[in-house]
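Subject: Structure for you to look at

Hello,

Here is the structure I said I would pass on. Please open it beside this email and follow along.

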Number of protein chains: 2
Amino acid sequence: MAPSVAVENLNPKVLKCEYAVRGEIVIHAQRLQQQLQTQPGSLPFDEILYCNIGNPQSLGQQPVTFFREVLALCDHPSLLEKEETKSLFSADAISRAKRILSTIPGRATGAYSHSQGIKGLRDAIAAGIALRDGFPANADDIFVTDGASPGVHMMMQLLLRDEKDGILCPIPQYPLYSASIALHGGTLIPYYLDEKTGWGLEISELKKQLEDARSKGIDVRALVVINPGNPTGQVLAEDNQCDIVRFCKNEGLVLLADEVYQENIYVDDKKFNSFKKIARSIGYGEDDLPLVSFQSVSKGYYGECGKRGGYMEITGFSASVREQVYKIASVNLCSNITGQILASLIMNPPKEGDESYAAYKAEKDGILQSLARRAKALEDAFNNLEGISCNKAEGAMYLFPQIHLPQKAIEAAKAAKKAPDAFYALRLLEATGIVVVPGSGFGQAFHEAFMAEYRD
Amino acid sequence: MAPSVAVENLNPKVLKCEYAVRGEIVIHAQRLQQQLQTQPGSLPFDEILYCNIGNPQSLGQQPVTFFREVLALCDHPSLLEKEETKSLFSADAISRAKRILSTIPGRATGAYSHSQGIKGLRDAIAAGIALRDGFPANADDIFVTDGASPGVHMMMQLLLRDEKDGILCPIPQYPLYSASIALHGGTLIPYYLDEKTGWGLEISELKKQLEDARSKGIDVRALVVINPGNPTGQVLAEDNQCDIVRFCKNEGLVLLADEVYQENIYVDDKKFNSFKKIARSIGYGEDDLPLVSFQSVSKGYYGECGKRGGYMEITGFSASVREQVYKIASVNLCSNITGQILASLIMNPPKEGDESYAAYKAEKDGILQSLARRAKALEDAFNNLEGISCNKAEGAMYLFPQIHLPQKAIEAAKAAKKAPDAFYALRLLEATGIVVVPGSGFGQAFHEAFMAEYRD
């Protein structure tokens with residue numbers, strides 16, 4: 001009898017899905033890491049440096065003390081009754097933990113919550129959004145999630161009926177979107193960011209790709225915008241954002257705004273504006289635009305990737321559509337409560353006058369300055385290397401350099417049946433222990449053109 | 001222009017999906033809860049009692065102290081350097097936290113981990129399984145997940161290509177399975193548990209349903225067995241399990257074993273045997289049977305639903321199939337680290353000789369005795385009520401009574417366009433504040449027959 005489960009009889013959508021940031025290079029790196037453990041000294045480096053994904057605490061960044069104090073107290077609330085706790089924890093962490101526990105029914109951090117997240121925490125998140133944007137936000141619009149990724153999957157699951165449904169996505173693009181679209185059986189409609197203008201997002205390019213997709217019978221459901229950009233690090237200008245919002249309204253697209261790098265901006269002349277703020281500023285209300293904003297505790301200065309916290313704020317969906325989102329969320333019961341608490345904390349950090357404020361501010365500024373300094377150092381280093389050019393690091397945690405490989409390297413890559421950039425990344429790993437993601441993993445144009453030229 | 005997102009243009013698989021344990025009755029209960037807050041005294045009860053899902057800490061069950069101590073220390077590791085910590089935490093919680101942190105690269109509980117979970121924690125989980133079963137377990141077979149639900153979804157996503165792929169599921173059945181099959185576009189093949197024999201699982205029934213499905217052209221991919229049963233509370237006999245394992249091997253089915261209630265057994269003459277132990281005991285190795293065992297931190301005596309921890313142990317899959325599981329897991333990066341740590345703790349609780357052991361044992365026994373006592377009390381109460389009969393509570397956290405409603409009630413339900421059991425559950429909620437799930441939500445046979453009889 002044939003094996004009951006074999007690659008040949010798996011869901012083809014799963015087989016089609018690719019996820020380069022945890023793909024071939026990372027799996028090879030994990031093998032080398034095991035080799036370093038079992039045979040120390042057998043490689044030209046002593047450790048693997050994972051730069052394949054924004055994971056700052058894996059590279060030594062320390063968590064923000066206040067956040068961790070509150071989490072520890074919420075995990076073990078009986079500490080709040082002990083005298084010693086007052087000398088171990090800051091007073092505002094204690095009062096914050098008490099306040100959070102008081103909003104959780106039965107103070108039970110070990111209970112499933114409402115499928116959208118604990119109401120009191122959603123109230124706090126909504127208050128944080130309102131303060132950031134200067135426009136009201138509503139706890140009923142918040143769905144707290146295990147990081148941003150499950151929120152993105154939920155939206156793809158909701159919107160994609162079959163391969164005739166398309167989603168406009170930036171290229172280069174964080175491959176969560178291509179992976180999720182593949183898993184849910186839709187079609188990715190690429191729009192290309194312009195490397196020459198610092199990864200500019202041109203409305204004319206959006207229009208061109210939208211019309212092209214429509215002419216092929218694709219029902220384009222949504223536009224994904226990642227701002228600040230992943231993996232390209234650009235920050236959108238306000239005017240550009242206004243045009244994007246108008247474009248979505250005029251074309252009847254859901255705007256899926258990946259805003260997880262909202263705290264990561266490294267240049268003085270740019271600032272973060274949420275798409276909701278932009279939409280409200282130009283007078284668009286709920287009825288004008290279905291808009292989903294994704295936020296995560298994994299990025300910013302907090303970098304709490306392992307806690308899997310985040311939320312999506314959904315506006316402009318009808319009540320009956322929102323019921324369907326709630327239903328999808330409810331099938332997984334709820335997101336983890338530690339991540340829920342942390343999501344409420346990053347949207348409501350200590351304020352001036354709080355006991356922790358000075359220490360919190362110093363930690364936050366130190367992390368953001370260090371990220372900015374390293375982004376600039378790396379940008380300069382790239383631009384001083386032979387054959388490499390790189391746009392300015394404006395935000396997020398990434399740089400996306402262009403590498404001009406010599407013909408001999410391209411031939412060697414071809415002989416090894418690798419894309420040249422994957423070949424380069426593999427050689428970099430084997431020589432230095434540094435793990436990066438080849439640009440082709442983000443769908444960068446070069447890859448397809450190269451493959452077309454050299455395909456056997 | 002038509003709205004860009006409306007119920008009419010959503011993914012029909014989402015629309016089709018039903019999830020009764022968080023469905024209509026629960027949403028109505030949440031509304032009543034808000035009413036109690038804004039207008040106290042306006043209802044005939046003062047609080048809502050959510051019995052719709054096994055969520056013990058929401059009903060006052062306290063978390064196990066040792067587990068929470070370790071979590072708090074891992075959340076805020078700088079506590080480990082403070083003198084006061086020694087008087088606030090037990091010595092073995094401190095040493096356990098230190099050991100766990102030493103297995104996490106960079107001691108970074110705020111970093112994304114390996115997509116299967118932190119290797120050291122998977123080693124601990126595998127050791128716990130081996131000790132439980134008396135057969136070896138391998139960390140590479142463990143995928144740590146945010147509770148059991150995401151693991152079930154991953155398997156459905158992997159196995160289901162289209163509606164011609166079927167999964168055999170028990171009826172009555174925890175609706176996670178029917179919901180997940182609907183979301184992934186496959187077909188649920190029901191097999192009926194026999195209420196008369198204490199929810200017996202008959203191989204003849206499995207064969208009948210399998211052959212019936214195959215005769216309709218369905219490719220039946222897997223068999224779901226929930227043991228102890230949810231929502232029916234029965235515990236499978238060892239002989240029965242042996243027959244199930246042989247049936248899966250002979251018929252080429254993946255065995256999906258929901259074993260999340262493995263610690264919840266309330267009768268002396270029954271004990272839990274994992275399906276892997278059974279398979280190995282009758283001499284079946286990896287090549288004989290693809291087997292996935294789901295475990296969760298949400299159930300047992302721990303009841304840590306809000307922490308969203310769990311794992312699946314996958315054996316008998318080829319390396320190439322396992323790569324696809326890894327890829328799906330990697331698209332969500334990793335499960336939350338707090339849940340990962342907790343999953344390692346429940347599989348390796350304090351042992352005799354540890355400082356915490358006596359307190360841990362007292363807490364554990366107290367919780368399990370209380371669950372058993374209440375299960376028995378409820379079983380007896382049901383069997384003493386007019387028109388209600390109920391099987392013995394052997395395990396899990398549920399009872400599934402049969403209610404014989406008078407004709408007048410059935411007429412009233414019909415007039416209200418409700419299934420009679422949903423009508424009963426709604427009236428129960430409105431009279432008492434107690435939230436239960438109508439049996440029809442678990443697919444129980446009665447519902448379909450009733451609807452066939454009374455459909456307009």
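Start with helix α8 of chain B, residues 176–183. In this predicted model, 7 of its 8 residues are buried, so the helix is largely enclosed by the rest of the structure. Here "buried" means under 20% relative accessible area. The buried residues are Leu176(B), Tyr177(B), Ala179(B), Ser180(B), Ile181(B), Ala182(B) and Leu183(B). Find them one by one on your screen. Then step past the end of the helix. Gly185(B) follows α8(B), and its phi is positive, near 80 degrees.

Now move to chain A. Which helix holds Gly151(A)? It is helix α7 of chain A, which covers residues 148–159. Is Gly151(A) buried or exposed? Gly151(A) is buried: its relative accessible area is 0%, and the cut-off is under 20%. What does Gly151(A) touch, leaving out residues up to four places away in sequence? The answer is Thr145(A), Phe294(A) and Met312(A). Ala127(A) and Gly151(A) are 24 residues apart in sequence, and their C-alpha atoms are 20 Å apart in space.

Next, chain A as a whole. Its secondary structure comes to 17 helices and 11 strands. Chain A has 456 residues, and a compact globule with that number would have a radius of gyration near 23 Å. The value for chain A is 23 Å, so the two agree. Its C-alpha atoms fill a box of roughly 70 × 65 × 60 Å along the principal axes.

What share of the residues in chain A is buried? The figure is 61% of the 456. Contacts tell you about the fold too. Take those in chain A with a separation of 6 or more: 70% of them join residues 24 or more positions apart.

Then the surface and the charges. Chain A exposes about 17,900 Å², and carbon and sulfur atoms supply 52% of that area. The chain carries 47 positive and 56 negative side chains. The centres of these two sets lie 2 Å apart.

Last, the confidence values. The mean pLDDT of chain A is 93. In that chain, 96% of residues reach 70 or more. For the complex, the predictor gives an ipTM of 0.94 and a pTM of 0.94.

Best wishes

Methods:
Residues are numbered from 1 along each chain as its sequence is written. Chains are lettered from A and ligands numbered from 1 in the order in which they are written. Side-chain values use heavy atoms; hydrogens and water are left out. pLDDT is the predictor's confidence in each residue, from 0 to 100. Helices (H or I, at least four residues) and strands (E, at least two) are DSSP runs, numbered from the N terminus. The radius of gyration is taken over C-alpha atoms; the globule rule is 2.2 Å times the number of residues to the power 0.38. Buried means under 20% relative accessible area, exposed over 50%, partly exposed in between (1.4 Å probe, protein chains only). Contact means heavy atoms within 4.5 Å. Accessible areas come from the Shrake-Rupley method with a 1.4 Å probe; for residues, only the protein chains shown count as cover. Lys and Arg count as positive and Asp and Glu as negative; His and the chain ends are not counted. The place of a charge is taken as NZ of Lys, CZ of Arg, CG of Asp or CD of Glu.
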